[in-house]
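Here is a short report on one protein model. Look at the structure first, then read on.

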Amino acid sequence: MPKANDDRKPVGTAHCNDCGLTAAFYQVTKGKRRGYLYKRCPPPSAGGCGCDQSAGAVKQQRWLTEMQRTDEPMIEHPLNLAEPENVEVDETPENGADENLQTPEKSRGLLGIAGMAVVGLAAYFLS
Ligand SMILES: [Zn+2]
């Protein structure tokens, strides 16, 4: 009899470029890697490349984007959650100040031209 693990249903499937067969994606349900995907191809004896439990961020993200979701509910993926937080962290007040120094320069262009025209007109009428 297969172990309880094998009764789990895949959360996604994808065409595997390594062996050319259909891979199924499962999620780790316990421990530090909870939510991480692992990929399961047919065993090498059946022409597949077996199980890939790589936890590398690049591979995890690629799996997340390339797999076709099944109806099986997913645990929120830890790397998927980390992304929006990083974006917010990037917006520090310091960065904002840097941008503020540069943006007015550009938008001042039009105002500057209008301003100079007014000054030029005033100078013309005053002279
Ligand atoms: Zn494969």
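Strand 1 and strand 5 pair in the antiparallel sense over 2 bridges. Two strands count as paired if DSSP finds at least two bridges between them. Strands here are DSSP runs of type E with at least two residues, helices are runs of H or I with at least four, and both are numbered from the N terminus.

Residues are numbered from 1 along each chain as its sequence is written.

**The sheet**

Strand 1 also pairs with strand 2 (residues 22–27). That pairing is antiparallel, over 4 bridges. Thr 13 has Ala 24 as its bridge partner in strand 2. Ala 14 stands opposite Ala 23 in strand 2. The two strands form a hairpin, with 6 residues between them. Gly 20 lies in the turn and has a positive phi of about 80°. Next comes strand 3 (residues 37–40), which pairs with strand 2. In this pair, Tyr 26 stands opposite Tyr 38.

| Strand pair | Sense | Bridges |
|---|---|---|
| Strand 1 and strand 2 | antiparallel | 4 bridges |
| Strand 2 and strand 3 | antiparallel | 4 bridges |
| Strand 1 and strand 5 | antiparallel | 2 bridges |

In what order do the strands of the open sheet lie? The order is 4-3-2-1-5, with antiparallel pairing. The edges are strand 4 (51–52) and strand 5 (68–69), and each pairs on one side only. Helix 1 (residues 57–66) packs on the sheet. Helix 1 touches strand 1, strand 2 and strand 3, and its direction makes about 70° with that of strand 3. Such angles run from 0 to 180 degrees between N-to-C directions; the axes are lines fitted to C-alpha atoms, for helices over the stretch in contact.

**The whole chain**

The protein has 3 helices and 5 strands. Along the sequence they follow the pattern β-β-β-β-α-β-α-α. Of the 127 residues, 10% count as buried. Buried means that 20 or more other C-beta atoms, placed from the backbone, lie within 10 Å of a residue's own; exposed means 12 or fewer, and partly exposed is in between.

Is Glu 76 buried or exposed? Glu 76 is exposed, because it has 10 C-beta neighbours inside 10 Å. Glu 76 sits in the loop between strand 5 and helix 2. Its C-alpha atom is 8.9 Å from that of Arg 34, although the two are 42 residues apart along the chain.

**Confidence**

The average pLDDT (the predictor's confidence in each residue, from 0 to 100) is 80. At least 70 is reached by 71% of the residues. Over residues 82–91 the pLDDT is below 50. Where pLDDT is low, the predicted coordinates should not be read in detail.

Key: Predicted model: local features only at pLDDT ≥ 70, side-chain atom pairs only at ≥ 80, totals over all residues. Contact = placed C-beta atoms within 7 Å.
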